[in-house]
Amino acid sequence: MPAPTAPQPRLPHAAPALLLLLTALATTLACQQLWTHHDTFPDDALRLLQDMAPSHTQPCHLQEPPCFPDTLLHRNLHPHQAAATALRILQHLFHTLSRSSSSQHWPSQAHNDLLNKLQHHIHHLEQCLPDNANATTLFKGPRNPLLTINKYFRDIQLFLHAHNHSACAWDHVRLEARASLQHLHSLTRTMRR
């Protein structure tokens with residue numbers, strides 16, 4: 001004869017709703033921490049990019065350097081869309097600036113500090129987005145800003161390759177990184193709504 005088993009506790013019907021509420025609260029708290037952390041992030045990152053500027057400037061004659069897309073500057077985004085857009089920009093910036101060919105053109109301390117700040121902010125931003133947030137659910141229609149961002153950073157990679165990853169080309173990329181970080185400031189204001 002089998003031994004009697006203790007009855008399994010049953011979760012009340014409100015448990016799924018409570019779990020959703022707790023998840024939303026955790027996401028909100030992660031975002032609140034991001035806001036206090038973000039108050040200094042753009043300024044610190046912009047200062048580090050300035051520290052990475054070459055001490056001597058030589059005239060650069062670059063063919064068709066990429067410029068930050070104007071279409072991203074004047075968009076009305078939902079806070080989660082703004083967060084996803086900011087995350088994609090930061091991920092591309094980190095990937096581009098962490099390339100081995102970039103380190104020879106910039107002071108290593110400022111470069112490493114910038115990469116650390118980018119990585120830290122990426123981590124916090126990932127905590128801020130809900131688990132089910134992806135490009136297909138956040139952006140509907142033909143004007144997906146994530147596709148525009150992907151193309152922009154692909155153009156930066158092609159630009160660097162076309163100019164043999166020269167110091168002049170990397171300095172233009174540094175200036176583009178600055179424009180991207182300035183755009184992040186406006187995205188952060190959107191995320192706070």
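Reading from the N terminus, the elements of this protein chain go α-α-α-α-α-α-α-α. That makes 8 helices and 0 strands. Keep in mind that this is a predicted model.

Now the chain as a whole. It has 193 residues, and 39% of them count as buried. The accessible surface is about 12,000 Å². Carbon and sulfur atoms hold 56% of that surface. What about contacts along the sequence? Take the contacts with a separation of 6 or more: 89% of them join residues 24 or more positions apart.

Let's look at one pair of helices. Two packed helices are described by the angle between their axes and by the distance between the axes. Our pair is H2, residues 41-51, and H5, residues 108-128.

How do H2 and H5 cross? Their axes come within 9 Å, at an angle of roughly 155 degrees. Angles over 145 degrees count as roughly antiparallel. So H2 and H5 are roughly antiparallel to each other. And the hand? The crossing of H2 and H5 is left-handed.

Which residues meet there? From H2 we have Phe41, Asp44, Ala45, Leu48, Leu49 and Asp51. Facing them in H5 are Ala110, Asp113, Leu114, Lys117, Leu118 and His121. Sort the residues of this contact by type and you get 7 nonpolar, 1 polar and 4 charged. Find them in the structure above.

To recap: a chain of 8 helices, with H2 and H5 roughly antiparallel and their crossing left-handed.

Methods:
Residues are numbered from 1 along each chain as its sequence is written. This is a predicted model: local features need pLDDT of at least 70, side-chain atom pairs count only at pLDDT 80 or more; totals for chains, interfaces and linings use all residues. Side-chain values use heavy atoms; hydrogens and water are left out. Axes are lines fitted to C-alpha atoms, for helices over the stretch in contact, and angles run from 0 to 180 degrees between N-to-C directions. Helices (H or I, at least four residues) and strands (E, at least two) are DSSP runs, numbered from the N terminus. Angles under 35 degrees count as roughly parallel, over 145 as roughly antiparallel, 65 to 115 as roughly perpendicular and the rest as oblique. A crossing is left-handed if the near helix is turned anticlockwise from the far one by less than a right angle, and right-handed if clockwise. Contact means heavy atoms within 4.5 Å. Ala, Val, Leu, Ile, Met, Phe, Trp, Tyr, Cys and Pro count as nonpolar, Asp, Glu, Lys and Arg as charged, and the others, Gly among them, as polar. Buried means under 20% relative accessible area, exposed over 50%, partly exposed in between (1.4 Å probe, protein chains only). Accessible areas come from the Shrake-Rupley method with a 1.4 Å probe; for residues, only the protein chains shown count as cover.
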